Amino acid sequence: MTAAPTATDFRARNRGGGLFTETVNQRIGSYLSLGAYRRHLAPTVLTLANLVIGVGTSVGVAALARPMHAGRIPTLVVGLGALILWQFAYSLDCADGQLARVTGLSSPAGARVDVLCDVALQISLVAAVSTVAAAYHGVPPWLVAAFAGTWMVNLVTSVMQQGSAAQSLMASRSPLVRAVKLVRDYGAVVTVLALAIALVPAWTIWLMVAFTVVNGLFLLASVAAAARASMPPAQG
C-alpha cells in the first residue's frame, strides 16, 4: 500500500518562483495541496479558486479607491485585506501545480487553464493598482499602458521557463542574486503593492514607474541575451 503524500512531498515538487515565493507561497501551497488531495479535488479547482479570489480582490480594491482617497474607508483595511487575499490566491496558484505533479494529473489542458487564469488575474491586479494611483494623482495614459505592457513580461518569461528553451539571465542561486531577483518575484511584488495601498496609497504611481522601468529593462536584457544565443557561432 502506497503511503499518502505529505505536505513535504508536495513542496518538493514546486517549480520555484523566487526567494519570497519559495519561502512563503510554495510552503503555504503545499498545505493547500495536501488539503485538496484529502478532499479529492482536481488541480483545476484550485486554479479557478485562485482566479475568483484574486480577481475579486482586485475588483474590490479598484471599487474602493475613491472612497479611500475621500477618507470614507481606511486605507489600512483595504490594503491589508488585499495583501491577505492576493497572497492566498497566489498560494493557490502555487498549489495547483504541486497537486498536479504529485498526483500525476498534469495535462496540457490544465496548463492552459492555469496560464489563462494567471493572465486574467494579473490584468485585474494592474487595473486595481492603476485605479488607486489615478484616485490620488493624474496618471498619464501612457504610464498605464507601459505599466500594463511591461508587467506582463513576468508572466511571459515565466511561461518560457518551461521546457528545453528555459534559460535564466542570472542562473546563480547565491543569496545576493536571489535578493536582487525579489524585484521580479510575484509574491514579493504583490506584498509591496498591497502595503503601499495600506500605508502610502499616494505612492502607487511611483511604484508603477519603478516596476515599468525594472520590467522594461529586463525585457531589453532578455531580448539581447536571446538574440545573442540564437546567432550562429563565429567562423574562425
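Trainee: Is the crossing where α5 passes α6 left-handed or right-handed?

Mentor: Left-handed. Bear in mind that this is a predicted model.

Trainee: At what angle do the axes of α5 and α6 cross?

Mentor: Roughly 165°, and the axes come within 12 Å. That angle is over 145°, so α5 is roughly antiparallel to α6.

Trainee: Which residues meet there?

Mentor: From α5 there are T75, W86, D93 and D96. From α6 there are D114, D118, L125, A128 and Y136. By class, that contact has four nonpolar, one polar and four charged residues.

Trainee: T75 is on that list. What else does T75 touch?

Mentor: Leaving out residues up to four places away in sequence, T75 touches M68, Y136, I197, A198 and P201. The T75 side chain also reaches the backbone oxygen of A198, at 2.8 Å.

Trainee: How far apart are T75 and I197 in sequence and in space?

Mentor: They are 122 residues apart in sequence, and their C-alpha atoms are 6.5 Å apart.

Trainee: Back to α5 itself. What span should the helix have, going by its residues?

Mentor: Helix α5 covers residues 75-103, which is 29 residues, and at 1.5 Å a residue it should span 42 Å. The end C-alpha atoms are 42 Å apart, so the two values agree.

Trainee: And what follows α5?

Mentor: G104, with a positive phi near 75°.

Trainee: Next topic: α2 and α5. What is the angle between them?

Mentor: About 60°, with the axes 7 Å apart. Helix α2 is residues 19-38. At that angle α2 and α5 are therefore oblique to each other, and their crossing is right-handed.

Trainee: Which residues make that contact?

Mentor: On the α2 side, they include F20, N25, I28, L32, A36 and Y37. On the α5 side, F88, Y90, L92, A95, L99 and T103 are among them.

Trainee: How many of the residues in that contact are nonpolar, polar and charged?

Mentor: The α2 and α5 contact divides into 11 nonpolar, 10 polar and no charged residues.

Trainee: Last pair, α6 and α9. How do their axes cross?

Mentor: Helix α6 is residues 108-136 and helix α9 is residues 186-199. Their axes come within 11 Å and cross at roughly 30°. The cut-off is under 35°, so α6 and α9 are roughly parallel to each other. The crossing is left-handed.

Trainee: What makes the contact on each side?

Mentor: L121, Q122, L125, V129 and V132 on α6, against Y186, V190, L193 and I197 on α9. Those residues divide into eight nonpolar, one polar and no charged.

Trainee: Why do you keep quoting both an angle and a distance?

Mentor: Because two packed helices are described by the angle between their axes and the distance between the axes.

Terms used
Residues are numbered from 1 along each chain as its sequence is written. This is a predicted model: local features need pLDDT of at least 70, side-chain atom pairs count only at pLDDT 80 or more; totals for chains, interfaces and linings use all residues. Side-chain values use heavy atoms; hydrogens and water are left out. Axes are lines fitted to C-alpha atoms, for helices over the stretch in contact, and angles run from 0 to 180 degrees between N-to-C directions. Helices (H or I, at least four residues) and strands (E, at least two) are DSSP runs, numbered from the N terminus. Angles under 35 degrees count as roughly parallel, over 145 as roughly antiparallel, 65 to 115 as roughly perpendicular and the rest as oblique. A crossing is left-handed if the near helix is turned anticlockwise from the far one by less than a right angle, and right-handed if clockwise. Contact means heavy atoms within 4.5 Å. Ala, Val, Leu, Ile, Met, Phe, Trp, Tyr, Cys and Pro count as nonpolar, Asp, Glu, Lys and Arg as charged, and the others, Gly among them, as polar. The expected span of a helix is 1.5 Å times one less than its number of residues. A polar contact is a pair of N or O atoms within 3.5 Å; within protein, one must be able to donate a hydrogen and the other to accept it, and residues adjacent in sequence count only if both atoms are side-chain atoms.
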